[in-house]
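Visitor: I am new to this structure and would like to learn how to read its charged pairs and its helices. Could you take me through them step by step?

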Amino acid sequence: MPILGADKDWWRALVEESSTGQPSEFVANRPAARPESTEEPTAFRGATPGTTSLTCDEAEPEPPAHSTACGCGACALPSIFGLEPQDPRQEVPGDAPPGIGAPGLAGTEAAIIAANVVLNEIPDGGIGIAYGDTFKLHSNPGSRYIVYLDFDGHTTTGTSWNSYWKTTSINSPAFSLDSSASFGANELLAIQRIWQRVAEYFSPFNINVTTEDPGVDALRYSGSTDQAFGVRAVITDEGGKNYGGIGYTGSFDWSSDTPVFVYANRLADSTKNIADATAHEVGHSLGLSHDGIVVNGTRQDYYYGHGTGVTDWAPVMGVGYSANIVQWSKGEYTNATTLQDDLAIITTQNSGVAYRTDDWGNSFTTAGALAGTEAGGVVTVQTFGVISGSGSRNDVDMFRFDVAAGGSLDLTVSSWTRIHVSGSSTPTYAPSPFSMMDVSLSLYDGAKKLIQTVNEATSLGAQLVASALAGGTYYIAIDGVGFGNPLATSPTGYTEYGSLGQYMVTGTYTKTLATPPSDPTPPPSDPTPPPSDPTPPPSDPTPPPSDSTTTTPTLSVSRVAVVTQEGGAAETVVVKAANATGDITVQVSGLDPAEGSLSATSLLLNAANGWTANLGIAGPDDDNANGDGLYTLTLAAAGLQSVTIAVTNEDNDLSATSGGRFFGTYITTPNVNNATISAQRAVDSFFTTLREGVTTTGAGIDFRWQFTDLAAGDKVMQVVANSGVEAFRFEYSADDGATWQRFLDAPDAALSWSGEFIATGVGSTLWVRLVDAVMAGDTVRDTVTINLMTVSDAQVSGIDAIF
C-alpha cells in the first residue's frame, strides 16, 4: 500500500515514537574462503583472507528496543501502524529471527506466477516488459559483480546470520502484497518498478542488478580469479521485529552467500521505499556506513534530507523515502556526521567493483555522433548514455552533429532505464520516474564557443531549443550538476558529487533544408550593364596596426601544499588552465604509492569543463607506525609551465612504547625474541616470537605491552598475530593493570588475529596483554608470532541496519 501525503516529519516522528534504548553496534568482517557448508561466524572487517573468523558479540534471541541512532542488527523502521498488510505470514513467534515466516510459505526458491496472469502482456505503468519476463531482468549483463534481487523466497544457511541468531535455517517468505502463494499481476508490476529504481542507483558502476537467480556460486567470492560474485538482497516480509532492512557491512565480497534483508511489510509495501531500502542495504554490503546529522549537539545516525519539490534531496545511506532525488554522498551538507566518500569506497574496496566503462567521449575531439533516423532533412534522435563518474573523474558526455543553415533543434535529456531480458540480445528502454542526476545541457558551435546552457530549476532533466542556426557542426555536452547550497545554515539542494545515472537524448534537429523548386522561366537579363567605374578608390597606404599582444596559457593549482591523513578522506586540488584553447592533457607524476594515491594520473582540460578539473589526493591506511610521509607531485602539460604540490601524509598509527615483557612465576621462563617496537610496527618480515613458559599447573604466558602519551578516548588495537597450536586472546586495561577486559567485538580466544579491535574509556595510558586461553593441565609449549601491534584512533565498520 503506498503512503499518501507522506513527508519527512511524519516519517521521523513515526521512527522516533517507538524507539528507545542505547545505540549498539556489532562488527563484521570478510570470513576466510571455505566451503558453503562450513559454519561462518561473524568476524571483524579488515581481516586478512584465509585467517580464522572471529565471533560477534552475543545477542539475546529478542534484543531490546533501540533508538534510531542505532547501527546494530536489531534496529530499523518500526511498524507502519495502520498500514501493515494483514498477511498470515506475520503470525510467527516474537523471538523468531527476521524473515522467518509461516511453514509452507517460506523459502519457496522458485518464482510461481499466478495462472490468471497473461505472461506476454505488458502492464500499463510498467517498464515496457511483459509479466512473464519479470524474473529475467538485468541492468548490466556480462558483469562479474552481481546484485541479485531475490523476491521468490529464500532459506539462509551456513552464514553469519545463522550464527548471529543461533539458528541453522532462516526461512524468508516470498515478496507478497496479498495472502496468495503465487505472484499476481500487481506483484509482478511492483517487482519491475523496484528493479528499475535499484538499477538506477547502481548504474554508474560495473554492477549487474538482476531479478534472475544467478546461482549460489555466482554470489560467493572465491578469489581474484572469480568470474561472478556479489550479494543477494532478500526482499521479503519480516515477522516478529521492527526492521526495515539489515545487512553486514563489507559482505559484498565474502566467501559465503550472506544476504542483506529488506522487509517490504515494514516499508508500507511501497515500491519506492523498498528500492531505497535495498540500495541502502546493498550499500552496507559494499562497505558504507550511515549518513547522519548533528542536531543541537546530538548525533542522529539517519539524515532525512532537506529541500522541497523537485530538489527535495536525501543521501542513499540516510533516509530517502520522502525525497525526490536520492544520491550517493560524501557528507556535503550542513552538520553531516561523516564525510564518508561513498563512490570512492564502492569503487576501490570491493575486489574490482569500479565505475562502469565510459560510453561516450568527454571532449570535443572524442565526442560521439548524435545519430538518428532522418526523414525530410530532419533527424529524430534517441541516444542512450550513462554519466558514470564524479569529482576528479567527472564524466561529461559530448555529442556532435551537423545542422543546415537556418535550421533548428529541439533536444531533451531525461531519465531512462536500459533493460536487458535474458534470452534477448536487444535491450529495451523505458522512461524512468526516478533519477539521481540533475542534468545540465550545453550547446557549442563548431568553433567550440558556448552558445547556451540549460539547467532547469523545476526539472531534473533539460530541454534545449534553438532556431535560425548558422550552418555547420554543433556539439552538446551533458553533465550531472548540483543545485542550491547544501552547506548553508538552512541547506538547499546538493553538490554535483552524486549527480550520476542513466539518460536518453530525444528530439530532433535539422540536418538539411528542402530546396525550393526552381522557376522554369528565368527573368530576362539586363542587356545594359551599369558602366564600370574607371577610377578605383586609392588604397590605404597605412593599414591599421595588428594586435601583436598574445596571451600565454598558464597552468595553476588551488593548493600548493596538501596534508592527507592515513585512511582519511581524499583532499581535493583544483587544476586549471587559463587562457587555453583546445584540449590540454595534464600528467601528474611524483607519487609515492606507499604514502598516497591519486584519483587520476592524467587530467583532461577543455572547453567542456572550463579547462578545470579536480585532483583527489588520499593517504592509504597501512597500519604501520612509520612516521609522516613526504613527497612532491609535479603537474605538467605540453607548452605550459609545470606546477608542483607538496604532500604530507600524516601517520595515525602509534607504535608500542615498550617492546613488551612477560609476567608471572614460571618453572621454565617463556622465550621472547625480537620484542622491539620496530618488529611490531609494520606487517613485514620482522616479528616478535613468544613461546609459552611452564608453571606448576601447565604451560602458559602473560605478555604485556604499554602505550603511553595517548589522547583520552576510544582506541583501536591493530594486530596481526598467529599461533601454531593453541588459541590465545588479547585483553586491555585502562587502569594500569588493575582490571582487564576483552576488546569490543573480539572473541574469547582464537588461533589467528588480524584486524582492528576497540578499547573504550582509555586515558593517557593503555596496557595490552596476550594470554593463553588454556593453562591448567596444558603440557604443550605453543609459539605465538606478533607481526603487528599498534594503537590508534582509527574507526571501524560493523553490522548495520537501516531505519
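Visitor: Which residue forms a salt bridge with Lys272, and how far apart are the closest N and O atoms?

Guide: A salt bridge is read from a side-chain nitrogen of Lys or Arg within 4 Å of a carboxyl oxygen of Asp or Glu. In this predicted model, Asp276 is the partner of Lys272, and their closest N and O atoms are 2.7 Å apart. Because the two residues are four residues apart in helix α4 (residues 271-285), about one helical turn separates them.

Visitor: Are Asp276 and Lys272 buried or exposed?

Guide: Buried means under 20% relative accessible area, so Asp276, at 5%, is buried, and Lys272, at 16%, is buried as well.

Visitor: Where do Arg232 and Asp257 lie in the chain?

Guide: Their side chains meet in a salt bridge of 2.7 Å, N to O, and this pair links distant parts of the chain, with Arg232 in strand β6 (residues 229-236) and Asp257 in the loop between β7 (245-248) and β8 (260-263), 25 residues apart. Arg232 counts as buried at 2% relative accessibility, and Asp257 is buried with a relative accessible area of 5%.

Visitor: How many residues of α3 are buried?

Guide: Helix α3 is mostly covered, since 14 of its 17 residues are buried. As for its length, at 1.5 Å a residue the 17 residues of helix α3 (residues 185-201) should span 24 Å, and the end C-alpha atoms are 25 Å apart, which agrees.

Notes. Residues numbered from 1 in each chain as written. Predicted model: local features only at pLDDT ≥ 70, side-chain atom pairs only at ≥ 80, totals over all residues. Heavy atoms only, no water. Expected span 1.5 Å × (residues − 1). Buried < 20%, exposed > 50% of the residue type's maximum accessible area, 1.4 Å probe, protein only.
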